[in-house]
Amino acid sequence: MNKHLTIGGLMMAFLLVLTFLGPLLPVIDNSISQEGVRFTDEGIEVPPFPPSAEDPLGSDREGRDILSLIVAGAQETLLVILAIVLIRFAVSAVLGIGSYYFKTIRAVLSIWSQLFSFMPSIFIVIFFAGLPFVVFSEHRQIWMIVIIAAVEVGRTGDMIKTSMDYSAKKSFFEAGIVSGCSQWTLFKNYFWPDLRLTIVTNFISDMGRTLFLIAQFAIIGVYLQNAFWSIRGGGVETVNNSFIWPTLLQNIHRDVFTAEWVVLSTVGIITFTMVTFYLLSSGIRKYYQNKYHQSS
Amino acid sequence: MGTRILKLLLQWLAAFSVLMILLLLPREVEIQSGPSGEFEAAHYQYSIAAHAESIKEFFTPLINGEGFGTDSYNRPFISHAWDMMQRSLWLIIPAFFISIFTGVAKGVFDFKTRHGKRKFAGLQTTWIGLSVPDIVFIIFIQMILMYLNMKGIITGLSLYGAGNPEAIVLNVIYLSIFPMFYLANITFSALSDENGADYIRTARAKGSSSFKLLYIHMLRNGLAKIFVHTNTIVLYLLSNLFVIEYFTNYRGAAYYFKEYIAVSNVINGPDSLLLNTGAIAAFAFFFTILILLAGLISQVARGFLLPHERGGNG
């Protein structure tokens with residue numbers, strides 16, 4: 001039995017249920033209401049409230065229920081990372097596969113991957129996030145998704161190219177050439193089976209990595225989406241206005257001492273999601289390996 | 001090997017130049033205010049002339065020998081960046097070597113225990129380390145230390161800020177966690193690949209001991225594959241450094257680089273989104289040099305380790 005695939009599949013099912021059926025649960029406050037002070041028998045309580053019957057995972061500094069925030073943010077979080085990885089892999093598939101056939105594309109891919117290999121992607125994304133047209137754009141989230149996708153295109157493109165080069169060196173590939181296959185048949189029957197496995201497994205594990213990257217941005221205060229709040233005396237302040245999970249980590253410096261439930265539940269759900277993707281990725285790899293190599 | 005090193009130097013030069021051109025993008029915005037001074041809209045227009053002007057403004061003092069400029073305390077940015085870089089090197093260099101040695105050791109251990117019950121201590125833990133984000137380990141270590149502190153078992157540790165040895169030790173541990181598991185995984189697959197090779201079968205048939213097989217033959221050849229990843233390791237180290245320095249208030253190069261590169265949240269005039277290009281250029285210079293050095297080390301190590309490169313004319 002493929003343990004990784006089974007457990008990963010179950011965890012994925014749980015995540016999807018949380019995302020789509022979660023809002024229907026009675027404990028979930030879909031309006032994400034804020035709460036000021038609470039009067040109890042012992043006196044007055046101010047947020048952040050620790051976990052209780054009312055807020056199963058506690059509340060944040062504005063008195064919003066953490067469990068509701070997680071459910072409300074699930075759909076957006078999954079969509080954002082899916083969009084990032086989809087764009088990344090669409091571009092890198094074109095570049096990676098194309099670089100086997102065309103010299104120009106090979107040059108583009110190699111410049112792209114070398115350019116970004118001298119700076120950690122996190123710095124590059126922060127830099128782009130601060131450009132005026134990204135800060136003030138009405139479509140900031142789309143810009144950010146494209147930027148995060150783009151900085152790692154070099155890496156994934158290289159990976160696809162390596163997989164192609166690897167297949168091309170094998171003797172079964174030579175057999176294909178000798179037997180007179182057309183370029184298309186060669187691609188479909190000789191490259192694609194291996195390539196598909198590389199793309200699918202890395203696609204899924206990249207979703208986990210991307211979630212972690214966005215979490216790192218939130219810790220240092222770079223958000224995918226901005227709202228503008230006017231400040232007295234002119235000017236505006238950019239504030240986060242999305243519910244995606246990582247943004248719950250924005251006060252991690254203080255929360256880790258005084259409201260550890262915020263940190264623990266956010267990090268918990270992010271970890272759960274990352275482990276899910278990791279399990280699925282390794283499960284799918286095993287599934288195909290067992291299918292094609294009966295001996296192992 | 002010489003041409004490869006030259007190629008790497010040229011790549012660095014090209015990448016650094018492109019980063020500088022991006023950095024010098026014009027950033028003035030036009031802010032449109034309402035009757036009582038409230039924000040209404042912002043307009044931004046890119047022009048090549050403005051971009052060229054900003055590049056010229058940046059390079060004129062550089063050519064005149066004034067360097068990257070000075071900060072508000074009149075300290076040159078380049079020496080400030082170098083001082084902070086030294087602080088960060090106290091974390092990066094030990095973390096680099098610790099993650100390489102423990103990572104390779106863990107990979108060898110995983111390989112030796114790949115069958116049977118000990119797999120749980122080997123492959124399974126590597127697997128957990130790779131899939132669980134390292135911030136989880138960091139938060140747990142911090143919480144355990146805080147708990148011990150409250151119980152009075154270990155007290156007086158100062159975990160935040162720079163300059164105290166315990167903060168450095170802990171930050172080195174935090175930094176090495178992920179690269180270690182990453183390398184363990186690479187080492188394991190490198191060893192598994194070598195395992196089926198013909199020369200191993202030959203060596204085994206000739207009666208070499210399994211110790212010699214693993215450490216002399218397989219690891220030696222596997223190391224070449226492992227050293228391909230030094231660049232990735234350094235990139236991981238640097239991007240984690242950034243989160244860890246920020247999280248533990250360790251004021252090193254990554255901390256200040258982030259301070260300079262992230263724009264302010266408050267926008268109240270046309271210059272609000274301007275960056276301190278001199279400071280960023282100084283820090284970016286050291287960071288890219290560090291990555292370049294890692295690349296060079298990796299090239300030299302490959303030259304010494306790869307059997308067909310040792311004998312070849314490179």
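Two residues are in contact here when heavy atoms of theirs lie within 4.5 Å. With that cut-off in hand, Ala279(B), whose place is in helix α11 of chain B, touches Phe77(B) and Tyr260(B), if residues up to four places away in sequence are not counted. The model is a predicted one, and every contact described below should be read with that in mind. Ala279(B) is buried, with a relative accessible area of 0%, and the C-alpha atoms of Ala279(B) and Ile78(B) are 7.4 Å apart in space although the two are 201 residues apart in sequence.

Among the contacts in chain A with a separation of 6 or more, 67% are accounted for by residues 24 or more positions apart.

In chain B, one place to look is the packing of helix α9 (residues 230–247) against helix α10 (residues 253–261), where the axes are 8 Å apart and the angle is about 90 degrees. Angles from 65 to 115 degrees count as roughly perpendicular, and α9(B) and α10(B) are therefore roughly perpendicular to each other. On the side of α9(B), the contact is made by Leu241(B), Phe242(B), Glu245(B) and Tyr246(B), while α10(B) contributes Ala253(B), Ala254(B), Tyr255(B), Lys258(B) and Glu259(B). Sorted by class, the contact has six nonpolar and three charged residues, and no polar ones.

How much of α10(B) is buried? Seven of its nine residues are, so this helix is largely enclosed by the rest of the structure.

The loop between α9 and α10 of chain B holds Asn249(B), which is partly exposed, with a relative accessible area of 28%. Most residues other than glycine have a negative phi. Asn249(B), however, has a positive phi of about 55 degrees although it is not a glycine.

A pair of aromatic rings is described by the distance of the centres and the angle of the planes. Over all chains, the count comes to 34 aromatic pairs. In one of them, the rings of Phe123(A) and Phe287(B) have their centres 5.3 Å apart and their planes at 45 degrees, so the pair is tilted. This pair crosses between chains, from helix α4 (residues 121–129) of chain A, where Phe123(A) lies, to helix α11 (residues 277–305) of chain B, where Phe287(B) lies. Both Phe123(A) and Phe287(B) are buried.

Another tilted pair is formed by Phe173(A) and Phe191(A), at 4.9 Å centre to centre and with 40 degrees between the planes. Phe173(A) belongs to helix α8 (residues 171–178) of chain A and Phe191(A) to helix α9 (residues 183–219) of chain A, so the pair ties together parts that are 18 residues apart in sequence. Phe173(A) counts as buried at 4% relative accessibility, and Phe191(A) counts as buried at 2%. Phe173(A) and Phe191(A) also belong to one aromatic cluster, whose members include Tyr100(A), Tyr101(A), Trp184(A) and Trp192(A). In chain B, a charge meets a ring: Arg114(B) lies over the face of Phe111(B), at 4.0 Å from the ring centre.

Two further residues have contacts that reach into the other chain. Gln142(B), placed in helix α5 (residues 134–151) of chain B, is buried with a relative accessible area of 0%. Apart from residues up to four places away in sequence, Gln142(B) touches Val256(A), together with Tyr160(B), Tyr174(B), Phe247(B) and Thr248(B). Ser282(A) is found in helix α11 (residues 260–292) of chain A and is buried, with a relative accessible area of 16%. Leaving aside neighbours within four places in sequence, Ser282(A) is in contact with His4(A) and with Trp127(B).

Note on methods: Residues numbered from 1 in each chain as written. Chains lettered and ligands numbered in written order. Predicted model: local features only at pLDDT ≥ 70, side-chain atom pairs only at ≥ 80, totals over all residues. Heavy atoms only, no water. Axes fitted to C-alpha atoms, helices over the stretch in contact; angles between N-to-C directions. Helix = DSSP H or I, 4+ residues; strand = E, 2+ residues; numbered from the N terminus. Parallel < 35°, antiparallel > 145°, perpendicular 65-115°, else oblique. Nonpolar A, V, L, I, M, F, W, Y, C, P; charged D, E, K, R; others polar. Phe/Tyr/Trp six-rings, centres within 6.5 Å; stacked < 30°, edge-to-face > 60°. Buried < 20%, exposed > 50% of the residue type's maximum accessible area, 1.4 Å probe, protein only. Lys NZ or Arg CZ within 6 Å of the ring centre and 35° of its normal.
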